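Work through these exercises with the model open beside you. Try each task before you read its solution.

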Amino acid sequence: MTDDANDPLISGYHRFRADHWPAAKAEYEALAAGQTPHTLIVACSDSRADPALIFDAAPGQLFVVRNVANIVPPYEPDGLLHGVSAALEFGVKALNVRRIVVMGHAHCGGVAAMRNGAPDSVQDFVAPWIAQGTPVVRHVAETVDPAEVEQASEEAVVRLSIRNLRTFPWIAERETAGALELIGLHFGIAEGILRKLTAASRFEPLS
């Protein structure tokens, strides 16, 4: 068991209370009355690609959903448990976000597992989860130069998630009405650059 004195989480909390909280106290007190985030972000759970850090966002600005390989499943209101879909419904219909961003990233282990198969140690949940993206990723792997496969497959999963967002009727309706924008991004970990999915279905550096 980790000693609290050497626990990076506890140490971080103490820095938060000492360095950040005094100046942010009033902001947090206001947020306690409710949240009005402007953007919903679907991102990977990867520890190297934190949306709040990348966008330098303050508390209350982003409603973030994170999962393995930033996947948005298709609309399936079947009464079963759908964590991503529940977050989308709450963000769009209860919080009225104005934008949904799907953010993939470089060197994504989940996308790599789509190309190569999930490790034997993660067959209970990871393997069936990433199977949603396997067909598009393997198609990409067969059609692009081997040197481009990693990034191209990560981009393909972002495109897939954007397509799946449009299967939700209340997302498609809002997008058509101009009340909701859908954005695809890819974050380069080593260089810290965001690239945006364009109308031409290419990813270009964000200006």
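Two strands pair if DSSP finds at least two bridges between them. Strands (E, at least two residues) and helices (H or I, at least four residues) are DSSP runs, numbered from the N terminus. The model is predicted: local features need pLDDT of at least 70, side-chain atom pairs count only at pLDDT 80 or more, and totals for chains, interfaces and linings use all residues. Residues are numbered from 1 along each chain as its sequence is written, and side-chain values use heavy atoms, with hydrogens and water left out.

**Exercise 1. Follow the strand pairing around S4.**

Task: Find which residue stands opposite Phe187 in S5.

Solution. Start with S4, residues 181-188. Four bridges join S4 to strand S5 (residues 193-197), and the two run antiparallel. In S5, Leu194 stands opposite Phe187. Now turn to S3. Seven bridges join S3 to S4, which run parallel. Here Phe187 is the bridge partner of His105. Finish at the turn. S4 and S5 form a hairpin with four residues between them, and Gly192 in that turn has a positive phi of about 70 degrees. S4 is mostly covered: seven of its eight residues are buried (under 20% relative accessible area, with exposed over 50% and partly exposed in between, for a 1.4 Å probe and protein chains only).

**Exercise 2. Describe a helix pair.**

Task: Determine at what angle H4 and H6 pack.

Solution. Helix H4 (residues 109-116) and helix H6 (residues 134-143) pack at about 75 degrees, with axes 8 Å apart. H4 is therefore roughly perpendicular to H6 (a label for 65 to 115 degrees; under 35 is roughly parallel, over 145 roughly antiparallel, the rest oblique). Axes are lines fitted to C-alpha atoms, for helices over the stretch in contact, and angles run from 0 to 180 degrees between N-to-C directions. Next, list the residues. Val111, Met114, Arg115 and Asn116 in H4 meet Thr134, Val137 and Arg138 in H6. Gly110, Val111, Ala113, Met114 and Arg115 are the buried residues of H4. They pack against helix H5 (126-130), H6 and H7. Gly117 follows H4, with a positive phi near 95 degrees.

**Exercise 3. Find the core.**

Task: Identify which residues touch the most other members of the largest nonpolar core.

Solution. A nonpolar core is a set of buried Ala, Val, Leu, Ile, Met, Phe, Trp, Tyr and Cys residues joined through side-chain atoms within 4.5 Å. The largest has 23 residues, and Leu40, Leu88, Ile100, Leu165 and Ile171 touch the most other members. H3 gives the most to this core, with four residues. Take Ile171. Not counting residues up to four places away in sequence, Ile171 touches Val92, Ile100, Leu165, Leu180 and Leu182. A second, separate core has twelve residues, including Ala113, Met114, Ala118 and Val157.

Note on methods
Contact = heavy atoms within 4.5 Å.
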